[in-house]
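Here is a friendly walk through a structure for someone meeting it for the first time. Keep the picture open beside the text as you read.

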Amino acid sequence: MGHGGGGTLSGELVQHVFAPAFGGEHLAALGDSALLDIGGARLAFSTDSFVVRPLFFPGGSIGDLAVNGTVNDLAMSGARPLYLSCGFILEEGVETATVARVAQALGAAARSAGVEVVTGDTKVVEAGHGDGLYINTAGIGVVPTGVDIRPQRAVPGDVVIVSGPVGVHGVAIMSVREGLEFGVEIQSDCASLGGLVQSMLGACQDLHVLRDPTRGGLAAALNEIAQASSVGVVVQERAVPVPPEVANACAILGLDPWYVANEGKLVAFVPRADADAVLAAMHAHPLGAQAAIVGECTDDHPGMVVARTGLGGTRVVDTPLGEQLPRIC
Amino acid sequence: DAGSGVVAGERRRVTVRGVVQGVGFRPFVFGLANELRLAGYVTNTGEGVVTEVEGAREAVAAFCVRIAADAPPLAVVESVSHESVAAAGETGFRIEASRSQGPRRTLVSPDTATCASCLAEMTDPGDRRHRHPFITCTHCGPRFTIVAGLPYDRANTTMARFPMCARCEREYTDPADRRFHAQPVACHDCGPTLRLLLAAEDGRPVVAPDRDPVAAARRLLAEGRILAVKGLGGYHLACDARNAASVALLRRRKNRGDKPFALMAAQLADVEPLVRIDDSERRLLTGNRRPIVLLRRRSDAASESIAAEVAPGSPDLGVMLPYTPLHHLLLGLPGDPPGPRLLVMTSGNLGGEPIVTDDEEVLTTLAPLVDAWLTHDRPIHVPCDDSVVRVVDGEELLVRRSRGYAPLPVTLAFPVRPTLAVGGDLKNAFCLGQERHAWLSAHIGDMDDLATLTAFGRAERQLESITGVTPTLLAADAHPGYRASGWARRHAGERSVRSVQHHHAHVAAVMAENGLDGTAPVLGVAFDGTGYGDDAAVWGGEFLLADYDGYRRLAHLAYVPLPGGDAAVRRPYRMALAHLFAAGLPWDDRLPCVAACPDDERSVLERQLQRGLASVPTSSAGRLFDAVSSLAGVCHQARYEGQAAIEWEAAAYAWLRDDGASGRGYRFGLVSPSGGGDAPLRLDPGPVLAAVAADVLAGAPAGLVAARFHTGLADAVRHVCATLRERTGVATVALSGGVFANALLAAGCARGLRDDGFTVLRHRLVPPNDGGLALGQLAVAAHVERHD
Ligand SMILES: [Fe+3]
Ligand SMILES: [Mg+2]
Ligand SMILES: [Zn+2]
Ligand SMILES: [Zn+2]
């Protein structure tokens, strides 16, 4: 069951099973979305499947995720997202009212993200073969000329920015799914980041890397980029915003908020000279109001992420494994 | 002349291998040959020391015996081989220049405490090295920490930058001198210089105005200041152990939690009022390795004799005696003005990072911690922490194997190809092997920090260069997230990396150091805090039928959930609640562990356990200790590794010392796999949890409960081993894993098993904890390789 965790295990499946089986130069790049030159236009193309439980949670639903997940994957290549496809897999017996609520949420999310659902499909599987419903979406967007945003483009000196507090979505989902009471309700941060990215591009065309730290959280995103670009990443531990209620919930459960999934956040690697302008543009956007510079790239320790602690130490931040596996006890 | 009395007769060539260079071996041979009126020569080669002697048959025979038996103190003679050669009719005995061709098979000596002769000289006002802070000879001083490569010549040490004065040169080149070829030899005229730097207002250190840095440093210590003091393998942070305010300040500055500080005492007499010291402990304290020895505190010790903050709540004090000339000066030579005679001496590092060795870096990294630096300009090439030992049943048990021990090799009973075993992620030490030698590195530390990973790489390069091993195979723990294993994968290049299961490595380590060749399996009992299991669970209470080539898991502690990994480790009350949950026992409010868990955490934890959320199953014996320690109210929060288990053992120890009787041991369940077959037996702690909870609710003292627990666990080990012997016919038990650093359990298991007719193998040369893991990885990986 570790293979969906967004950690090393699913990475291995992609690298050793899917990529060799499918072949093709575009898949080999292994970004969040594929970049395709079609008749002179630069298109970004991405797909994602949504199997979240529960279907509705504080701050959103599987319908919102199905739009925002795919839209955000497109946006992370700098694309302006345009069109979505949408496939529903329904478990026999799921209530029509439930499907309708999800569809409403999906449509509203698409409108607010500025994308149009243009094609779709529905399948029904036997009762017991699904958790109510699953959704697959695919999306297309256009990448503006001159924009080249890829995980391979981080260079020493780049400044690392996160768009807001981390760990919120994962803790929100977990608390409703597992019935955990933390005293305060934690709302998912699920949002579409297309607009925020366009604002950032307005401040700096030459953004190097964007990533939405979904499964595996901030730690996974930073490690993927460090490895893809062969740079070291140094994060100031205290600079990473973590809401107190998330920190408290994680402390009680024994989780690390840097490893918890987000749905409406991004990490940006930007040239040092443009960092202040990008940060200002983010602060001017509602989804980037709490954006913060959290670290930088270095040519020391390529491929590794370290956190500088309050005491002046440099803690290694690992790529998450699929499971919560204590490394040392 | 020297040869006039030599009687012509037999001539033999004798080759001595081991730690025989840089330890005064050639002068010793020179003296021995002259005493026995033998002619010939002695020289250093890549093989070791080679000598040819010629003379009367009985004298040659005596020479061959005494060359090993009477070897100088730092020599470790591994083998002596001799052959007859044609007599040359030679007269006189000479020392020949080193021959460096051929393979390098010589060994570097560990760093060694100042010898009695040097101490006498530095105390003698008439000696030219009176009060010399760097006095050394072939019998003592720095070795491992100053060597960058072989051959062991001054040019390959950090002494290369100090050209000898004429007088030192004469001693160095005189075969009759105690300093003949002592590479670090120096004096006031030519050696390193000591400096005292004071932290100034703006944080930039300034050189103290005092003429005598030591006298000024002693004054600062007496005033309650905290000093960084440069030692052999790194810096210490030092302060007066009797000054409660200083010790508390040091604890706060170092962010140390409750973890005990080690002490350095001027003399044994200074600690005797505080701790019990038996003969073997006395020998360890005063010997030439000078580890930190863990000693049981006296219950009647006067409370004002040492600050409570030195080791709050700890049953032991870690004590060492001075081992460098600088330490002797700092604690005062006879006749010096009075000063502190008991110093806290803790590793100079930031929490978790390796001990600092760089003289520039130390001025910034330690600046927030200290008021002054007592330092010098002889560089440390590799870090080497103090070793830590305790005595169990009169035998030395290493808790941390480092200074004084590294880099002495362990001799294997089977040859291995050149291999690097990278060790584990906690208490890391790595191991290089070739032929029948396994060189374990000094203690590297926990692989949490970039600085530790960097230190690992540097130490690995140095050990390769001083052993001449170029590994063609790597061995690493099977844990997919271990940083040491990741280091191995990143640095493997074309070489293969063999994964070794954690507890298999523990068992193989005991086998290897006890000279087993692997032809017969053992019953391995591996009890520790954590290790990655084949089924992706966290193992740690394992009974393995093992040889080097493989293992079968025959029994283990029953699985319980480990709720939230590190959180469960840092908060033992969570482990107690998880164990109660697994045993189906209620969380009674009157139980100390239940009371220790905040209300909001308790309800979430209950859900977490029910849902199995972030809760990997574990069979860890270490976590069982944590659970019962909290269940009986001894320790609910672990502020350093193993705290709950250490305090639990202490409670049992104190009870047994004061009351003698332990009562009956608690009984574990032993569950056979349903449907028989090959599945392992499960040792069920449920009944123990129930009995402990009942005793605690009935008001039983924690010490009694702890004593009954220790007895019960030792009985369970004995019972499982007896059951497995019936099944397998194997009657040798190997005990390993960090839990066996628990003296009460280790002694109890060993005694019981011997009574039952088992041969019991324990660690003597490497730690039972993960500090010894690399030796087992090497044995498993390199032994398997032979059959490929
Ligand atoms: Fe272990
Ligand atoms: Mg995706
Ligand atoms: Zn000496
Ligand atoms: Zn000199």
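The briefing below starts with the overall build and moves on to the contacts and some local details.

This is a predicted model, in which local features need pLDDT of at least 70, side-chain atom pairs count only at pLDDT 80 or more, and totals for chains, interfaces and linings use all residues. Residues are numbered from 1 along each chain as its sequence is written, chains are lettered from A and ligands numbered from 1 in the order in which they are written, and side-chain values use heavy atoms, with hydrogens and water left out.

**Chain A as a whole**

- Chain A has 9 helices and 14 strands; helices (H or I, at least four residues) and strands (E, at least two) are DSSP runs, numbered from the N terminus.
- With a radius of gyration of 19 Å, close to the 20 Å that the globule rule gives for 329 residues, chain A is as compact as a globular protein of that length. The radius is taken over C-alpha atoms, and the rule is 2.2 Å times the number of residues to the power 0.38.
- Along the principal axes, the C-alpha atoms of chain A fill a box of roughly 55 × 55 × 40 Å.

**Two domains in chain A**

- Chain A is split into domain 1 (31-142) and domain 2 (151-317), with bounds that come from an automatic or database domain assignment.
- The C-alpha centres of domain 1 and domain 2 of chain A are 23 Å apart. Their contact (heavy atoms within 4.5 Å) takes 20 residues from domain 1 of chain A and 22 residues from domain 2 of chain A.
- These two domains of chain A bury about 1,700 Å² between them, 63% of it on carbon and sulfur atoms. Buried area is the accessible area (1.4 Å probe) that two parts lose on being put together, summed over both.
- On the domain 1 side of chain A, A:Pro58, A:Asn72 and A:Met76 lose the most area to domain 2 of chain A, together 34% of what that side buries.
- Between domain 1 and domain 2 of chain A the count is 0 salt bridges, a salt bridge being a side-chain nitrogen of Lys or Arg within 4 Å of a carboxyl oxygen of Asp or Glu.

**Where chain A meets chain B**

- The contact draws 29 residues from chain A and 42 residues from chain B.
- Together, chain A and chain B bury about 2,900 Å², with 61% of it on carbon and sulfur atoms.
- The rule finds 2 salt bridges across the interface of chain A and chain B. In a salt bridge, the side chains of B:Arg611 and A:Glu178 meet at 2.5 Å, N to O.
- Helix 5 (168-178), helix 8 (244-253) and strand 14 (314-317) of chain A each supply at least two residues of the side of chain A that touches chain B.

**Local details of the backbone**

- A cis peptide bond joins A:Arg53 and A:Pro54, with omega about -5 degrees. A:Pro54 sits in the loop between strand 2 (41-50) and strand 3 (56-57) of chain A.
- In chain B, a cis peptide bond joins B:Ala406 and B:Pro407, where omega is about 5 degrees. B:Pro407 is in the loop between strand 16 (395-400) and strand 17 (409-421) of chain B.
- B:Lys427 has a phi near 50 degrees, a positive value in a residue other than glycine. The loop between strand 17 and strand 18 (431-440) of chain B holds B:Lys427.
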